[in-house]
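Subject: Structure handover

Hello,

Here is the structure for your pocket work. Please open it first, then read the notes below.

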Amino acid sequence: EQVDYEAVMQVKTRLTRRIFDQHRAAITASDAFTAFLATHGEWLVPYAVFCVLRDRYGSADFSRWGEWATFDRVRVHRLIEPGQAEWPVIAYHIWLQCELDHQLADAVRHLHGQGLALKGDLPIGIDRQSVDAWSAPHLFKMDAQAGAPPDAFAVKGQNWGFPTYNWEVMQRDDYAWWRSRFAPLSRYFDAY
């Protein structure tokens, strides 16, 4: 009747790590992996490095990451250069995203073949301890919090704890952060 999601994730993580470790050379040399990294590297590399640092420090609270507390794009991208000690674990996280992308794209093709359209959800809020907050804090007002006004379900309203957007800064690059979120979703969903 119930699923222990944490236990399921632990099993999946062990299995995927074992698969990746056994086939790492072939995976990282594959056309699919290299093309995915080349196409999505702008968000994928910071994400993969964030995952590695989160696991290393035992927390997504990047303020506790010492020398890594402040994002440095050049330093982060240097970690994916050949021969870097961190590369195998970074590559694992890249591979997972690549596999998930392929699986979802296959499911979308199948469903479209059945004449079905897909509607997805655009996650608009970010967590204060997320890769977005780490890699682009200037885009958010970290001292403010988003929520919802009072309604029939929450008479006092809701405080979701998400930082709000720094619209003035986002406007300067023509809302590139928003466009970068819409583009991948448009590959999977017909509406959102």
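Helices are DSSP runs of H or I with at least four residues, numbered from the N terminus. This is a predicted model, in which local features need pLDDT of at least 70 and side-chain atom pairs count only at pLDDT 80 or more, while totals for chains, interfaces and linings use all residues. Residues are numbered from 1 along each chain as its sequence is written, and side-chain values use heavy atoms, with hydrogens and water left out.

**Pockets**

A pocket is an open set of points on a 1 Å grid over the protein atoms alone, where a 1.4 Å probe fits, with protein on both sides within 12 Å along at least five of seven lines. Lining residues have an atom within 4 Å of a point. Volume is the space filled by probe spheres set on the points, which are joined across faces, edges and corners.

The largest pocket has a volume of about 1300 Å³. Its lining has 34 residues. Nearest the centre lie Trp43, Asp132, Ser180, Arg181 and Pro184. Helix α7 (176–188) is among the helices that supply at least two lining residues each, as are α2 (31–57), α4 and α5 (131–135). The largest share, 9 residues, is from α7. By class, the lining holds 18 nonpolar, 8 polar and 8 charged residues. Here Ala, Val, Leu, Ile, Met, Phe, Trp, Tyr, Cys and Pro count as nonpolar, Asp, Glu, Lys and Arg as charged, and the others, Gly among them, as polar.

The second largest pocket holds about 220 Å³ of space. Which helix gives the most to its lining? That is α4, with 7 residues. Lining residues include Met9, Lys12, Tyr92, Trp95 and Gln103.

**α1 against α4**

Helix α1 (residues 5–29) packs on α4 (residues 87–113) at about 105°, with the axes 10 Å apart. Axes are lines fitted to C-alpha atoms over the stretch in contact, and angles run from 0 to 180 degrees between N-to-C directions. The two helices are therefore roughly perpendicular (65 to 115 degrees). Among the residues that meet are Phe20 and Thr28 in α1, and Trp87 and Ala91 in α4. Contact means heavy atoms within 4.5 Å.

**Thr28**

Thr28 sits in α1. A polar atom of its side chain lies 3.5 Å from the backbone oxygen of Ala25. Leaving out residues up to four places away in sequence, Thr28 touches Phe20, Phe33, Thr34, Trp87 and Ala91.

Best wishes

Terms used:
Parallel < 35°, antiparallel > 145°, perpendicular 65-115°, else oblique. Polar contact = N/O pair within 3.5 Å; in protein donor to acceptor, adjacent residues only side chain to side chain.
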